[in-house]
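Subject: Structure for you to look at

Hello,

Here is the structure I promised to pass on. Please open it beside this email and follow along.

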Amino acid sequence: MFDQLFDGALVDSVMRAMIPILLAALGGMICDRAGVFQISLEGMMLAGAFAAVAGSYLAAASGLGVLFAVVAGAAVSLVLAFGAVSRKGDPIVLGIAVNLLMLGMTGFLLPQIFGVRGVFAHPRIDGLDRFAIPGLSDIPLLGPALFDNTIIAYLSLPLTAALWVFLFRTPMGLRLRGVGERPQAAESLGVSPTVYKYWAVVSSGVLAGLAGAQLALGNVVQFAENMSSGRGWIAVVAVMLGRAHPVGVLGASLLFAFSEGLGFRLQGNGLPVQITDALPFAVTLIALIAARKRFARLLDLTTAG
Amino acid sequence: MKRFWKIGAAVLAMAMIASACADGEEDEGIDLIYVTPGPIGINPFLALGEVGTERAAERLGGTSKTFESNLDTASQRSNIEAAIDEAPDVIVLTTFTLLEMADEFSKANPDQKFILIDACPDDPAPNLHCGVFREHEGAYLLGIMAGRLSETGQIGSVVALDIPFFKRWWQSFELGAASVNASVENSVVFIGGENAFADPARAKELALSLSAQGPDHIFAVGAGSNGGVFEAAGEADFLAYGVDINECPTAPGRVVDNNLKLVDALVDQLVEKVINGEAGPVESFGLAEGGTGVMALHPDLASSECVIADHPDIIAEVEAAAEGIIDGSIVVPDPLFG
């Protein structure tokens, strides 16, 4: 039973499920550290997926698709940046608005640009190639997932490490965290919270755009209406659960991806879909309760500040 | 009070104009109006609706028009209203998207006859006739193909939701396979999640994990999610089956056949029944009426890019089974009412 459940294909499937969540969650983490509650990851991911497919179709090259996705994610994030940072709007209201806007906009643009409804798949859409690293990709279990993957997947794990270094070992990272935790104190030292917050939100747009590109050009090679299907929301939870720490975020993303991949497997073994469907959310609930202490601390901070 | 009279006068004037228009159309023959929920573009489902409406008009000696909507309720609504203003013999509406409007407008305009295809409100007005498909008959034929072609003796289905309606597809698929290979095993997985009908990434993962357990013939019953199953078919080396339209060209060499909804045949026949006053509130169309089918028995098989085209022996068997279903010697139970 267990060797049937846990094999290389499961690891591969978990990796594919994890990358979009992880990338978006890393973006959410940077925002959280800068003191902006980022819940528009879902909308930015969807915009990235749409732009990736559009770019890849127009140029018949996945590179342009990825570029389009990054630009689209960043452009959408500017809406939140302007509203929440410059205009001091409520980031939750704005974030929900951005999500709804992107859902409607991609659904509107799909028939306008490509003349189809619901799904756009075309041989001209160039998917992201998987590059196998000779030798390493033959490692049993982990090899194919870690060393035979798309460029975005290769980027995601080192990026997690790089963000850890940035946040905790560089002066800029320190200032970013300062802006998030004590904006007045940071400002008194000549650090502009507005500039840091803007960069944080735009970075999250870039990362969520990349997540969308991986979803629409890596995991599958097509665009479907609302294809992010809640992955951006899972990323929001991963940020909370991982306490906005790179290692925690990676762990939380892995946990969600694993529970989803395992759910698919268990369904094949006869477990009802209602249970496997609920698995990631049951995990979320348990994890949120476990992470309650963190919220209590946040609450203290906000009421005290 | 003055305002009230103004509005009243305007309404009266409009009503008179409208009735004058209706009186003006005293020509011979029937007229039909087909209102789409969206642009026909490359949507074969909507295109077939137009073909069927035109064919019915031609056959019954009349004319037909098509009002093509954009994908928003405002344009759908104004098109239906425009169609009602012209007071044709029948207004043909398609798909679930127009379900609520079909219900609303048919109740508000009891003298106008409507046809709604592939959906039906719970309590249709007497002037609304629904045309639905007996999808289980086509799925049974696909099952025969899978039962014959499967080398592992295991087949599977990736289905959008775990609701009784979809049993028509996966249970009938299983039944068809069992009819030619009693030992065949069928596994079903459901896409579920937040967006079951348009989550190709999730459908692909499910198809990959399903195929890893043995099934080498997988039925994709996920509408917009199907593309994910076909992609998985290319990567994990299994063969897939599609739904509604000929999906073979989207993944040449990976799709065996499809459970077709032949909208043109349905519209053509249902219009005639409605005109002759023979139509019930819900009319179902299966193999016998040519409303459902498979590419294997379709005239366009040669250009379909379907894998089944390479298996004439199985096509013969499917043909025999289809005849059996039509003449009643093979009974495919409807899982919804069985």
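In chain B, take the contacts between residues at least 6 apart in sequence: 67% of them join residues at least 24 apart. Two residues are in contact if their C-beta atoms, placed from the backbone, lie within 7 Å. For chain A, residues 24 or more positions apart account for 74% of the contacts with a separation of 6 or more.

Before you go further, note that this is a predicted model, where local features need pLDDT of at least 70, side-chain atom pairs count only at pLDDT 80 or more, and totals for chains, interfaces and linings use all residues. Residues are numbered from 1 along each chain as its sequence is written, while chains are lettered from A and ligands numbered from 1 in the order in which they are written.

**The two chains**

Chain A has 14 helices and four strands. Helices (H or I, at least four residues) and strands (E, at least two) are DSSP runs, numbered from the N terminus. The radius of gyration of chain A is 19 Å, close to the 19 Å that the globule rule gives for 305 residues, so chain A is as compact as a globular protein of that length. That radius is taken over C-alpha atoms, and the globule rule is 2.2 Å times the number of residues to the power 0.38. The C-alpha trace of chain A spans about 55 × 45 × 40 Å along its principal axes. Of its 305 residues, 52% are buried. A residue is buried if 20 or more other C-beta atoms lie within 10 Å of its own, exposed if 12 or fewer, and partly exposed in between, with C-beta atoms placed from the backbone.

Chain B has ten helices and twelve strands. Its radius of gyration is 22 Å, close to the 20 Å from the globule rule for 338 residues, so chain B is as compact as a globular protein of that length. Its C-alpha trace spans about 80 × 40 × 35 Å along the principal axes. Buried residues make up 51% of the 338 in chain B.

Chain B is assigned domain 1 (11–133) and domain 2 (135–260 + 293–327). Such bounds come from an automatic or database domain assignment. The C-alpha centres of these two domains lie 33 Å apart.

**Where the chains meet**

On the chain A side, 29 residues are in contact with 32 residues of chain B. Four helices of chain A each supply at least two residues of that side: H2 (8–33), H10 (193–219), H12 (246–268) and H13 (273–290). By class, the chain A side has 13 nonpolar, eleven polar and five charged residues. Here Ala, Val, Leu, Ile, Met, Phe, Trp, Tyr, Cys and Pro count as nonpolar, Asp, Glu, Lys and Arg as charged, and the others, Gly among them, as polar.

**A strand to look at**

How many residues of strand E4 (residues 113–117) of chain B are buried? Five of its five are. Lys113(B), Ile115(B) and Ile117(B) point one way from E4(B), and Phe114(B) and Leu116(B) point the other way. In a regular strand the side chains alternate between the two faces of the sheet.

E4(B) pairs in the parallel sense with strand E3 (residues 90–94) of chain B, over five bridges. Two strands pair if DSSP finds at least two bridges between them. Ile117(B) is the bridge partner of Thr94(B). E4(B) also pairs in the parallel sense with strand E5 (residues 128–133) of chain B, over four bridges. There, His129(B) is the bridge partner of Ile115(B).

**Another sheet in chain B**

An open sheet of six strands runs in the order E7-E6-E8-E9-E10-E12 (chain B), with mixed pairing. Strands E7 (185–190) and E12 (292–293) of chain B stand at the edges with a single partner strand each, so one side of each has no neighbour in the sheet. Strand E10 (residues 255–261) of chain B and E12(B) pair in the antiparallel sense over two bridges.

Phe230(B) is in helix H8 (residues 226–236) of chain B. Phe230(B) is buried, with 27 other C-beta atoms within 10 Å. Not counting residues up to four places away in sequence, Phe230(B) touches Ala220(B), Ala240(B), Thr250(B), Ala251(B), Arg254(B) and Val255(B).

Pro144(A) is in helix H6 (residues 143–147) of chain A. Pro144(A) is buried, with 20 other C-beta atoms within 10 Å.

Best wishes
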